[in-house]
Amino acid sequence: MIRTHSAGGDFGPLRAEFSLPESFGPEVLAEAEAAVLDPLASAGPREDATDLPLVTIDPPGAKDLDQAMVVEKTAHGFRVHYAIADLAAFVPPGGALDRESRRRGQTLYLPDGNVPLHPPVLSEGAASLLPGEVRPAVLWTIETDDAGEPTATRVRRALVRSTEQFDYETVQAALEAANPHPSVAALPELGRRRRELAVRRGAVELQLPEQEITGDPDGGWVLARRPRTAVDAWNAEISLLTGMAAARIMLDARIGVLRTLPDPEPEAVDWLRRSADALGIAWAPEATVSEFLSRLDPGQPASMALYADTTRLLRGAGYTAFDGELPALTTHAGIGGAYAHVTAPIRRLVDRFATEICLAVSAGREVPEWVRAALEDVPARMSASDTLAAKVERACIDQVEAWVLAEHVGGEFSAVVLRADENKAEILVEDPTVMAKCAGERLTAGERIAVRLTAVDVGKRKVSFERA
């Protein structure tokens, strides 16, 4: 994380603006407390997998731990053990917890604390895969060949015990020091091979700079740019591998809920090629969008501008449920194949239902009726919560940008032009990391320019720049 500036401020007005719940009702909390005392009552038999040396990799300080892994090299490829928190063991169908989680859709993350999908007694306690604690989990074991392509998948309920809680930077440092934890020593090799397969599948990945807000020791907020480590990407590949395996199970059974995204229109790809040419970035005629993007240096101004343009290719994401007849769209263009959410049930509603389908199909059982019934409304609930989450995240960043810059009106900053029209542009200010609008003539995407901060409206979360 690149440290920049700090500023104080209260997110209470923002929470009120979006009508975010402040707590859970007494009925929900009572049901959660009861589930903590007897989480296995309705979940059936479990395999004892407490001997697996599972580890978690999450942001520093995370308590809602959905996933734990062991990645092994085998004689024929790789073996991934991926334990996922088993929320169905704690959430009775049709109960108060179930109703409230459907209403919320997903956990919302704000700088001063999250708005959890489930009560913290579950999300940060009994359901979380905290180190040293025996937990009910859904255990995926995926065998791959040497190229990283899956050859066999098992999914079942189990008892697991995570042995270590790591963050991305710690794992990255250990790998660079040639001293990785044995459970993730094979992660780089498998991660790289899965990344290569993603490019071959045509996966479209954007590497735009990520803005991040963290707390300051003085009680303010730090606006930063978070560099993505290789471990971030490799860790994501394990989740994607599992989600693609889940999608395959559901498609074969002709029942499920997928995360879908249409392929880009040919006209949009042609437009991107013209943008690349205008930015002076060579694009070989035979190279696909995925191959081209994978070769860009995300730190270069021209690459940043092109990544900003590429967002126009990835439109129309949604959740597609089916029971019997397969839908017309079953794939996700960003991933380059069929994919389902099953790896974050603590934080996302749909994962609980998709996981139950995979468990039932794998065991040769009928999919529970409460799951089938949920397929009618879960996609709409997830789409609504995705929209809200995006608005809240953007509002938080806009607010901190305004706080950080409030005392610097008239100051000059270095920026990269991401998109440009006749007399205005979208820019990325590099220090502090701010994305904003900028007025000025002859602005060109991909160039680095000096800009002047002309106005800040803290109440409206608006900042304005002009070319210096």
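How many nonpolar, polar and charged residues does the lining of the largest cavity have, by class? The first legend below gives the count; the model shown in every view is predicted.

**View A. Lining of the largest cavity in the predicted model.** The lining has four nonpolar residues, one polar residue and four charged residues. A85, D86, L87 and A88 contribute to this lining, together with P345, D351, R352, T355 and E356. Helix α11, which spans residues 349-363, supplies four lining residues, the largest share. The structure holds one cavity of 30 Å³ or more.

**View B. The largest nonpolar core.** This core has 52 residues. Those that touch the most other members are I57, M69, V71, W140, L187, I238 and M250. Helix α7 (residues 230-253) provides 10 residues of the core, the largest share. Another core lies apart from this one and has 35 residues, including L20, L443, V463 and F465. In soluble globular proteins, nonpolar side chains tend to be buried together.

**View C. Surroundings of L187.** With residues up to four places away in sequence left out, L187 touches I57, M69 and V71, and also W234, N235 and I238. L187 is itself among the residues of the largest nonpolar core that touch the most other members, as are I57, M69, V71 and I238.

**View D. S239 in helix α7.** S239 has a relative accessible area of 14% and is therefore classed as buried, the cut-off being under 20%. Its side chain makes a polar contact with the side chain of T343, at 2.8 Å. Leaving aside residues up to four places away in sequence, S239 touches Y82 and Y339 as well as T343.

**View E. D112 in the loop between α3 and α4.** The side chain of D112 makes a polar contact with the side chain of R15, at 2.8 Å. Besides R15, D112 touches F11 and W221, not counting residues up to four places away in sequence. D10 and D112 are 102 residues apart along the chain, and their C-alpha atoms are separated by 8.3 Å.

Methods: Residues are numbered from 1 along each chain as its sequence is written. This is a predicted model: local features need pLDDT of at least 70, side-chain atom pairs count only at pLDDT 80 or more; totals for chains, interfaces and linings use all residues. Side-chain values use heavy atoms; hydrogens and water are left out. A nonpolar core is a set of buried Ala, Val, Leu, Ile, Met, Phe, Trp, Tyr and Cys residues joined through side-chain atoms within 4.5 Å. Buried means under 20% relative accessible area, exposed over 50%, partly exposed in between (1.4 Å probe, protein chains only). Helices (H or I, at least four residues) and strands (E, at least two) are DSSP runs, numbered from the N terminus. Contact means heavy atoms within 4.5 Å. On a 1 Å grid over the protein atoms alone, a cavity is a set of points where a 1.4 Å probe fits but cannot get out, and a pocket is an open set with protein on both sides within 12 Å along at least five of seven lines; lining residues have an atom within 4 Å of a point. Grid points are joined across faces, edges and corners, and a volume is the space filled by probe spheres set on the points. Ala, Val, Leu, Ile, Met, Phe, Trp, Tyr, Cys and Pro count as nonpolar, Asp, Glu, Lys and Arg as charged, and the others, Gly among them, as polar. A polar contact is a pair of N or O atoms within 3.5 Å; within protein, one must be able to donate a hydrogen and the other to accept it, and residues adjacent in sequence count only if both atoms are side-chain atoms.
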